[in-house]
Amino acid sequence: MISRRSFTTLLGATILGGGLSAAGPARAATTARDTLNFLLGSDPGILTGIRAANAGIYYIGPKINEGLVQYDFDQNPQPLLAESWEIAPDARSFAFHLRKGVKWHDGAPFTAKDVAFSIRTLRETHPRGGVVFKSLTDVETPDEHTAVLQLSDPVPYLMDFLHASETPILPAHRYENAGDPLENPANNAPVGTGPFVFREWVPGSHVILERNPDYWDSTKPILNRIVYRFVGDTAARSVALETGEVDIGVETPIAPSEVQRLRALPTIQIESASYEAAPFYVRLEFRLDNEFLSKLKVRQAIAHAINQQAILDIAYLGNGSLATGPLPPTAKRFYESDVTTHPFDPARAEVLLDEAGFPRATDGTRFTLRLRGYPEGADHRAAAEMIKQQLIAVGIGIDHVVSDTAEWIRTVYTDRAFDLSFSSVSVNHDPAIGVQRLFWSKNIRPGVAFSNVTGYANPEVDRLLEGAAVEPDLEKRRELYSQFQKIVTEELPEVPLVALKKFTLANAKLKDFVVSGDGAKGDLGAAWFEA
């Protein structure tokens with residue numbers, strides 16, 4: 001496995017100067033191949049990050065639509081579309097000086113107007129953007145290459161949210177005066193400033209990107225083409241990686257047992273360092289307006305009925321740790337261990353269900369709930385099936401429907417045709433970005449994926465989250481997030497299950513696919529194949 005330290009060493013060998021511009025042309029002549037075949041588990045359903053759709057868009061979009069910054073391995077912001085910036089001492093004003101000479105793929109010039117449009121739009125359309133940019137009062141554009149964000153409250157973590165996978169800069173001239181931005185054709189035939197240009201999308205099959213010959217960094221990209229292949233079957237993904245049909249798969253795209261097997265092959269390299277800054281956890285969310293789930297004892301019973309350790313050991317083959325709350329132990333700055341937990345105890349679950357007024361009927365069933373499980377990966381599907389069986393064992397009937405990712409998002413977030421939603425989410429670089437969106441009552445936004453779909457609303461939790469989001473003092477933020485974790489683990493709008501360890505598997509000849517803290521979510525402009 002490639003360690004974080006070896007990545008840092010590699011980074012030092014391939015970076016010139018103070019930025020993240022790789023010395024690509026010297027290698028380009030020795031590149032054995034010019035096409036990267038990129039494995040994704042499903043079709044993302046949209047090709048820009050104007051709204052959070054699923055993992056797929058985070059790996060396609062940044063190659064086309066860039067962000068203002070990118071990150072080094074310590075998550076320090078580095079120049080991209082913004083060459084430099086100044087932050088006011090009170091964190092209420094952020095001035096960005098934009099790169100000159102950049103053009104959109106259709107030839108139009110990139111200007112501050114595009115930055116202003118993008119940030120204002122993402123505040124309305126993106127589940128995390130609605131949190132991060134909540135206090136945005138204006139985006140000033142004093143000239144074509146300066147954008148100044150003015151905020152009513154401090155946002156000390158703002159610079160953690162300005163990379164392409166979270167805040168993609170979109171072409172204002174393609175969106176303005178064109179109706180609902182979420183329905184704009186440019187979302188599915190994107191125009192960007194990045195090193196790769198959109199060429200083709202065959203839904204359910206593939207997306208093709210081609211080299212941008214007019215990219216502002218003339219040393220990039222080295223590859224001529226990226227082909228994203230959508231492969232839903234986990235066994236087929238494993239075969240494709242092993243045989244070299246695809247060159248890279250992200251976020252542990254195959255069964256954990258297969259990761260262990262492929263690790264031994266000399267043709268495969270595996271890395272996990274790029275996931276450390278934004279850990280994932282899996283969770284079971286409750287639809288709180290359900291007549292059964294509105295009762296705390298029922299939610300407690302479900303928590304006691306679920307065997308977290310078995311799910312970790314069997315579904316995820318031990319690749320992670322037990323989650324105790326909405327911040328996993330790997331979120332070291334803000335993790336609180338002293339929270340309410342609900343250890344596996346089916347007998348206790350039966351008692352709580354009886355006390356809640358739902359005894360078993362003659363067929364042994366108390367009531368039936370609709371379970372909708374996140375379909376990306378055999379491990380997630382296996383975990384959802386284990387949850388189903390564990391709840392059936394205490395008398396809860398389960399209607400479990402397995403679908404593709406796009407259908408799961410529609411069912412859960414738009415139609416709200418669920419009672420239990422099993423999902424995997426990233427807590428991102430800061431709780432204000434990755435966690436607040438899931439519990440903040442002002443982020444109950446039907447149709448917006450990975451927002452507060454439970455309908456959870458607690459004024460005290462809102463106060464804590466809002467206070468932590470604008471508090472510049474780290475110790476005070478820690479205390480606010482500690483109180484938040486204690487309340488939500490007691491009130492149980494969700495059952496936290498497993499804090500995941502994720503892997504990327506790649507062709508051993510693929511080089512420089514991780515040259516920044518963005519990992520494979522970066523632009524891949526420096527990636528190349530060894531001869």
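This is a predicted model: local features need pLDDT of at least 70, side-chain atom pairs count only at pLDDT 80 or more; totals for chains, interfaces and linings use all residues.
Biologist: Why is Asp419 called buried?

Modeller: Asp419 has a relative accessible area of 5%. Buried means under 20%. Therefore Asp419 counts as buried.

Biologist: What makes the pair of Asp419 and Arg370 a salt bridge?

Modeller: The closest N and O atoms of Asp419 and Arg370 are 3.1 Å apart. The rule asks for a Lys or Arg side-chain nitrogen within 4 Å of an Asp or Glu carboxyl oxygen. The pair therefore passes. Asp419 sits in the loop between helix 13 (405-414) and strand 19 (420-426), while Arg370 belongs to strand 17 (residues 367-373), so the bridge ties together parts 49 residues apart in sequence.

Biologist: What makes Arg370 partly exposed?

Modeller: The relative accessible area of Arg370 is 28%.

Biologist: Which accessibility classes do Lys442 and Glu466 get?

Modeller: Lys442 has 54% relative accessibility and counts as exposed. The class starts over 50%. Glu466 has 22%, which makes it partly exposed.

Biologist: How do you know that Arg123 and Glu124 are bridged?

Modeller: The closest N and O atoms of Arg123 and Glu124 are 3.3 Å apart. Arg123 is partly exposed at 25%. Glu124 is exposed at 52%.

Biologist: How many salt bridges does the structure hold, and which residues are linked in a network?

Modeller: The structure holds 29 salt bridges. Glu350, Asp354, Arg360 and Arg366 are linked in a network.

Biologist: What area is buried between domain 1 and domain 2?

Modeller: About 1,200 Å² is buried, and carbon and sulfur atoms give 56% of it. Trp216, Gly517 and Asp518 supply 44% of the area that domain 1 buries against domain 2, more than any other three residues.

Biologist: Why is Thr193 called buried?

Modeller: Thr193 has 1% relative accessibility. Since the limit is under 20%, Thr193 counts as buried. Its place is in the loop between helix 6 (172-175) and strand 10 (196-202). Residues that Thr193 touches include Leu81, Trp104, Phe110, Tyr215 and Trp216.

Biologist: What makes the pair of Thr193 and Glu66 a polar contact?

Modeller: Their side chains are joined at 2.8 Å. The distance limit is 3.5 Å, so the pair falls within it.

Biologist: Why is helix 3 described as largely enclosed?

Modeller: Ten of the ten residues of helix 3 (residues 55-64) are buried, so the rest of the structure largely encloses the helix. Among the buried residues are Tyr58, Tyr59 and Lys63. The cover includes strand 3 (35-40), strand 10, strand 11 (206-211) and strand 12 (225-230).

Biologist: What is the phi of Leu492?

Modeller: Phi of Leu492 is near 60°, a positive value in a residue other than glycine. Most residues other than glycine have a negative phi. Leu492 lies in the loop between helix 17 (474-491) and strand 20 (494-500). At 1% relative accessibility, Leu492 is buried.

Biologist: Where is Leu524 found?

Modeller: Leu524 is in the loop between strand 22 (510-511) and strand 23 (528-529). Leu524 also has a positive phi, about 60°. At 5%, Leu524 is buried.

Biologist: Which peptide bond is cis, with omega near -10°?

Modeller: The bond from Lys220 to Pro221 is cis. Pro221 sits in the loop between strand 11 and strand 12. Most peptide bonds are trans.

Technical notes:
Residues are numbered from 1 along each chain as its sequence is written. Side-chain values use heavy atoms; hydrogens and water are left out. Buried area is the accessible area (1.4 Å probe) that two parts lose on being put together, summed over both. Helices (H or I, at least four residues) and strands (E, at least two) are DSSP runs, numbered from the N terminus. Buried means under 20% relative accessible area, exposed over 50%, partly exposed in between (1.4 Å probe, protein chains only). A polar contact is a pair of N or O atoms within 3.5 Å; within protein, one must be able to donate a hydrogen and the other to accept it, and residues adjacent in sequence count only if both atoms are side-chain atoms. Contact means heavy atoms within 4.5 Å. Lists of a residue's contacts leave out its neighbours within four places in sequence.
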